Amino acid sequence: MSRHDPTEVTRRHVFAQKGLSEKQEQARIVVLAGNLAGDKYAIDAELTFGRGDTANVTIDDTLVSRMHARIFQHENGSYVIEDLDSRNGTQVNGMAVARQVLTYGDRIQIGSCLLLFAHHDPMEEQVAQRRKLEAIGRLGTGVAHDFNNLLGAVRASIDFLNGLPSETKVDDTDVREAFNDIRTAAAAATEMTSRLLGFAREVERSHTEVDLTELCHHVVQLARHTFHRSIRIEAHIDRGLKVTGDRGQLHQLLMNLLINARDAMPNGGKLKISAKKADRLDLEKAPLNPLVAHALITVEDTGVGMDDATRERAFDPFFTTKGQQVGAGLGLAAVYEIAKTHNGHITLHSVPNRGSVFQVVFPLTSERVIVPTEPSLPAIRLPRTQLLIMLVDDEDVVRRSAGRVVRQSGHRVIFARSGEEALRIYDETQPRPDLVLMDLNMPGMTGDQAFKELRKVDPEAPVVFVSGYWDRELERELRSLGALGFVQKPYEAATLRDAIVQAMTAQTS
């Protein structure tokens with residue numbers, strides 16, 4: 001009897017019991033551990049795993065071959081995993097395999113990635129999507145509350161700057177500090193928006209090396225300038241702590257913990273945050289490998305604390321003890337998920353009227369080589385030649401702010417408020433603009449539509465796209481049509497300058 005026979009009999013029995021056909025049976029892979037932890041992949045005809053770009057699931061791990069393994073559905077309906085002559089092999093439930101029929105619940109090891117073979121019901125995804133949409137609606141008050149904190153810091157800093165005497169110099173300490181606070185708040189808002197978009201739709205995470213020390217200092221600085229002065233903040237942050245992860249998600253984790261601590265002290269109190277290398281005793285409290293170095297972050301408050309029932313539900317989605325005016329947000333549920341997807345662990349200790357202590361541990365990068373997902377670009381000097389650049393955006397404030405950056409870089413600038421106006425101005429301007437910075441999402445004629453029409457007028461029209469909402473498939477299409485670059489909103493001045501230089505370099509190369 002072949003190895004497929006027992007599985008085939010079992011599957012047919014299940015189908016008969018449930019009244020299902022084999023074509024309705026579907027499966028998926030859930031990543032339990034590794035740099036893709038938390039991701040889920042439905043299996044259609046075939047799903048391939050490897051380090052190369054041609055694999056369906058790209059695993060950034062030197063232990064993984066370029067095409068390492070594949071899972072496919074056999075003609076008899078069963079799912080089979082096959083090792084593709086990889087260097088380090090493929091294991092199923094701890095045993096090396098060359099080719100084997102999978103059963104729901106099997107655990108597959110490919111390099112450092114641990115995968116779970118599980119049943120996939122499309123109806124579950126529809127229900128999950130409905131819940132996600134409902135959750136986004138409930139997030140509104142929580143996100144608005146957090147944004148108000150950031151906007152409060154920005155407005156207070158601007159009002160401070162407006163109230164300074166006219167003889168005040170830009171390089172005065174207070175002025176530079178106010179500018180830095182505005183930049184910090186803007187960066188935090190950017191990361192919050194990115195996280196919210198990531199919750200609303202599936203996006204590619206950018207896991208790179210993150211300076212946890214620097215990130216902790218940024219979050220503490222933001223808290224000191226936005227939290228009420230009745231809350232005293234103490235910080236003890238060691239140097240040289242670096243982890244692998246998504247910087248925006250880690251920022252949200254830290255900020256959520258600090259906001260949770262603040263809200264637990266409505267009448268003021270002490271908030272302590274520390275970050276250090278975890279010792280062996282710290283790791284004994286968490287189900288982590290004690291042989292790998294970890295960072296330990298502790299956030300402690302002197303607030304109202306939690307009773308046993310509250311503590312047990314603290315990490316549940318949408319559970320909150322806050323009033324409607326504060327909002328639930330993603331809160332501690334998001335903290336828990338972020339810690340888990342970064343191969344970390346979080347613990348909570350709390351006593352009513354004696355405060356709470358949250359501890360999060362993450363593996364440090366010092367124990368392994370980090371391969372960044374996107375190589376950093378070298379510093380590029382701005383060209384000395386003055387360019388004529390056309391800025392196309394339907395928002396007045398965006399055009400003005402971007403125009404200031406372009407002029408400060410030594411170039412001339414002309415404006416268009418729509419795709420239609422951009423076509424007319426480009427065609428009428430002589431000599432024609434050296435570069436077009438085109439907003440992708442505009443009412444009426446969108447940026448991509450304007451680009452295609454522009455290319456009919458001038459097949460060599462140089463265009464760099466700018467957008468706050470990203471579509472990677474559209475990016476690939478527009479690059480194939482000749483787009484010179486893409487800039488993600490919101491951007492820093494240096495990012496826009498570099499995009500101009502790179503676009504002009506690409507034109508002349």
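Tutor: Glu428 and Arg424 both belong to helix H10 (residues 419-428), where they stand 4 residues apart, about one turn of the helix. Helices here are DSSP runs of H or I with at least four residues, strands are E runs of at least two, and both are numbered from the N terminus. This is a predicted model, in which local features need pLDDT of at least 70 and side-chain atom pairs count only at pLDDT 80 or more, while totals for chains, interfaces and linings use all residues. Residues are numbered from 1 along each chain as its sequence is written, and side-chain values use heavy atoms, with hydrogens and water left out.

Glu428 and Arg424 form a salt bridge, their closest N and O atoms being 3.3 Å apart; the term denotes a side-chain nitrogen of Lys or Arg within 4 Å of a carboxyl oxygen of Asp or Glu. Glu428 is exposed at 54% relative accessibility, whereas Arg424 is partly exposed at 42%. Buried means under 20% relative accessible area, exposed over 50%, and partly exposed in between, with a 1.4 Å probe and protein chains only.

The structure holds 13 salt bridges. Another of them joins Arg70 to Glu82, with the closest N and O atoms 2.7 Å apart. This pair links distant parts of the chain, for Arg70 lies in strand E5 (residues 69-73) and Glu82 in strand E6 (residues 79-83), 12 residues apart. Glu82 counts as buried, at 18% relative accessibility. Arg70 and Glu82 also belong to a network of salt bridges that links them with Glu46 and Arg99.
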